[in-house]
Each structure stands twice: as C-alpha cells, then as structure tokens.
Amino acid sequence: MQQEILGVIPARYESSRFPGKPLAPLGGKSMLQHVWERSLRARRLTRLLVATDDERIAAEARRFGAEVRMTRRDHPSGTDRAAEVAGAVRADLVVNIQGDEPLIDPAAIDAAVEGLSAGSAAPMGTLAKRITDAKELDNPNVVKVVMDLSGHALYFSRWPIPYVREGRAERYKHIGLYVYRRDFLLAYPGLRRGPLEEAEKLEQLRALENGFKIRVVETGKVIVAVDEREQPRLDELYRRGVANGVPDIALVGPQRLRELEPHARGLRAIHSPHTASLDFTEVVRAMAQEDRDRGVVLRTGARVTGVLRRGDGLVIRAGSQEVRARYLINCAGLYADVVARLAGAQPDVRIVPFRGEYYLIRPQRRHLVRGLIYPVPDPEFPFLGVHFTRTVHGDVEAGPNAVLAFAREGYSWGRIDLGELASTMAYPGFWRMARRYWRTGLYEVCRSLSKAEFVRALRRLVPDLQSDDIVRGGAGVRAQAVSAEGSLEDDFRFVQSERAIHVLNAPSPAATASLAIGRHLADLAAAAFGLGPPSHAP
C-alpha cells in the first residue's frame, strides 16, 4: 500500500528581519512560488500545501495554483504550524519544507523521505551535508550535527562540533528539512522544552532531549569494488581523485558503505559526498536562454549539408538556409565526423553509434538507492557500465548497457538507417573493433534482449534488486569515435581544417564537463584563429 506523504510549506508574513519574505520577487516569481514549484517535483510527495496565517500569502499561493490551509496566528514555529495542518489531513509522513528556500532540491525531499521509510524506527528524519568550507564551522547560523554509527543524530549545535583533539573527524552541517511520522508530529508541540533547546535556539533538540531519535541522511556518490580484481583500479581512481582536488573523497569499507547505501554491497568503495545529479535538460534551456539574451541565434532542425569556403570566411549550408561565418567550431556529436569531412578535414576516426538502454526502479522500491551507486570503471572500455542514479526528480535510473545502434540516432532496435548502417559496416576500423571485442558485444546484445541478464548485472551492486522491481526506461546514443585500427577512443580528439576546429571525441562525462570543455575550446579557437585571449565570461 502506497504511503500518504504530505508536504507542508509553512509561510508567515511577520518577521523581525525580513517581513513578507515569502512574497519577495525572485526572477519574476515570488520566493514562495519557487519553493512550491520545486517541491512539486519531489516524486514521493502525494500532496503538497501551503500553511499560513496571512491572507496576503494565501492570495499569492492561490494565484499560482497552490492548495492553502489557514492556521492560527499564535504558532511559535513552522513545526507547530505543520502540526496543526497534519491534525486535519490524513498522512503517514509529513515533510516540513521551509518557505524561504527557493532552491530546494526535490531529490533532497525524496532522500529525506526514503531515509525514514527504509527500515528506520526513528519518528523523525532530516538531512546533512559534509562541511568543506572552514568558514561554515565558525558561523553560528550554520547548524552542525554529529551522528552515531547508525546514522542517527547525537546532537545539533551552532558551535563547531565535534572538537577534534587527535586524528580526523568529518563535520556535517544540518539541512533544515524535516520528515515526521504523523503521530509524532502531532505530539511534538506538547513535548517539554529542555535547556539545550533554549540555549541553542534549535527546536530539533526538543526531540533528542525527550529521548527520541532523529534519522539523518547524507547523500552523495559511491563507487563500489565488488571483488578483489577491482580493488587496484579503485585505489588508482582514488589516487587520481585526490591528485585532481576532488573535495572530501574517502575510501570506505563495507560497514561505512552500508551506512551510506544500505542495499549496496562491496569490499570497498570511494565515497564522494558532494557529487549530485542534475536535470541537464533544464541546464541546456538555461544556457540557451542566456545565449539568446546575448544575441546568439539558435537554429534547430537545420541539418548541415555543406561547408564551403568563400573569400575570407565559410558558408554553412543547412537545407535551404545558408549561414556565413568567419570560423566554424564543429561539436556535432553523432555527426561530427560527417561535418568535418564536409569542411574538408580528413578525420582519422569514424563515429560509431552505441545505444545505452536504461531501466527505472518502480516507485515502491526506490528506497534501494539513496543517491548514486557506480561500479569501478574498466580501463579497457570508455563505457562506464551499469550503475544507479537517483535523479533530481526522484526517479532512480539503472543502466546503461552499450549495444551497436543501426542508425546514428538509433534510440531503439526498430530505428534503422540503411545508409548509415552500411557506412558503419564498410569502415575497416569497425570490423577490427568487432574482432577484438566480439564476446563483450554479444553479451551486451544479450543483456539488451534479456531483462534477466540486465538484472543480474545490476545485482552485482545491489543484491536485493529483483526483476519485478524495474521497468523499461529511456535510451541514449553515444557518439563513439573508433580509429582505423579498431581502438575505442577514450580521450579528446580535436581536428583542424581551414578556419575550423572539429570535436570528434569528448570522453564521458562530457555533459557534466561541458563548461570546462567550452573554455578549452575557446582557448583553442583563440590560438588557432588569432583572436587573442578569450574572456571566459560567465
């Protein structure tokens, strides 16, 4: 039976520091509307409403379509306001979402809910994040939390705790989002206020002073070595992470791995506490809007059919359109080698498309994955291997595999382009690659066609996963550069032609690193075209 999970956004107008803060405009919307819209993306919430005692806030909430509950004016805190609402609404769990957090992460809401749903007997849950900025330790407005070995809070304080006399201890800051079991929330306002709550002015200490546990969830990414053969590669990956300044990564053993991801299994793992997921579609939309605001014209649905040299520039033909330019930077992905040849370059690699297919974990089993669970990558292949990713929308993706696509945009078995397939088959490098990796290729095809095989691969990381726990998801196509000798390119490959730079390969995670890659391309273009140093404007 599905849990009823109520999200409550307590919002008050009166404030000594910032009266009317929930109504403050931010990017064309009120702060309250931002909180509401982002909270709606949390997949575990079954109902969301605004709780307020002020008609101005209520009117604004109703304007953008929120459900509103009017409450009494004498509540000393948002928790008390949420408790009044919970008393009149049916729910198993109640999430108290602060009305002045316009950048609230929907995945954080789901993570907090999962933490209280996944076997913990605690009546209350919250979130924490590892502290990396020393200034936050001494800032009394950043609340610190220390936890026991089972992930329950020992104490919250404005003071920099714990004091480290010898050795090393991690410090965590509290993220002010709470999940309550409904009966406990109803009883919470009546709990005795103790001296620690009065001294620190932290209402969550009321639960601890009265002997109740608070489950604390820490999110992040783990890279898991499941057998002895993977441990040297894990050690090397950790060494590179430290050398490249990845913040706060740590090698952890099986016990710590179970604390971070209770359903993952492995001999050791790398924990990267600050790794998170994002909605790259939203990132691209934001980039596109910033470009438009700066006068950039974006043309979609314009397939490039020719690149001609005209005088001191180029003419790019796209169907019936022509675009004149002094220089060209080709980042055409699946068609990068095609565009390069149109521009007169002679690339020594060919793009071979590989489809990566995903499954989704059913909602009632998403608790199996808190954050991101990855395997140790095999250095022989540029493909990462099947892994688990909790998205910002609360879904949990499992995959991908890597099968040859029968079209450059072959997002399914049924998508076939005979011309593009023939071009791949005619490329000698493809057959040299196939002879080298034919066993792996057959296994990937088998895993694509057999759900049981796909699940078997996933269970190496999460043994509790069952076949019925997953359903078919989406797919992507990787633009894999293959050399004439049949090797799979795993590093950047740039080729130049007259007045043009062509990006023929960008290793994963190219999307995550897109801004850094863009800065590098700007440097290359400045040097190649004699443009002077780029500004790297944000």
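Guide: Two strands pair if DSSP finds at least two bridges between them. Helices (H or I, at least four residues) and strands (E, at least two) are DSSP runs, numbered from the N terminus. This is a predicted model, in which local features need pLDDT of at least 70 and side-chain atom pairs count only at pLDDT 80 or more, while totals for chains, interfaces and linings use all residues. Residues are numbered from 1 along each chain as its sequence is written, and side-chain values use heavy atoms, with hydrogens and water left out.

Visitor: Which residue stands opposite arginine 130?

Guide: The residue opposite arginine 130 is tyrosine 172, in β10. Strand β7 (residues 124–130) is joined to β10 (residues 172–181) by six bridges, and the two run antiparallel. With β11 (residues 214–218), β7 pairs in the parallel sense over five bridges; there, leucine 127 stands opposite valine 217.

Visitor: How many of the seven residues of β7 are buried?

Guide: Buried means under 20% relative accessible area, exposed over 50%, and partly exposed in between (1.4 Å probe, protein chains only). Six of the seven residues of β7 are buried, so the strand is largely enclosed by the rest of the structure.

Visitor: How is a helix read in these terms?

Guide: An α-helix has 3.6 residues a turn, so residues three or four places apart point the same way. In helix α2 (residues 55–63), the residues Ile57, Ala58, Glu60 and Ala61 are buried. Seen down the axis of α2, the buried residues fall within an arc of 165° (taken from the directions from the helix axis to the C-beta atoms), so they line one face of the helix. Glu55 and Arg63, on the other side of α2, are exposed.

Visitor: What covers the buried residues of α2?

Guide: Contact means heavy atoms within 4.5 Å. The cover includes β3 (29–30), α1 (31–40), β4 (47–52) and β5 (67–70). As for what follows α2, glycine 65 has a positive phi, near 95°.

Visitor: Which strands pair with β26?

Guide: Strand β18 (residues 328–330) is joined to β26 by three bridges, and they run parallel; the bridge partner of isoleucine 329 in β26 is isoleucine 501. Strand β25 (residues 493–497) pairs with β26 in the antiparallel sense over five bridges, and glutamine 496 stands opposite isoleucine 501. β25 and β26 form a hairpin with two residues between them, and arginine 499 in the turn has a positive phi of about 65°. In β26 (residues 500–505), six of six residues are buried.
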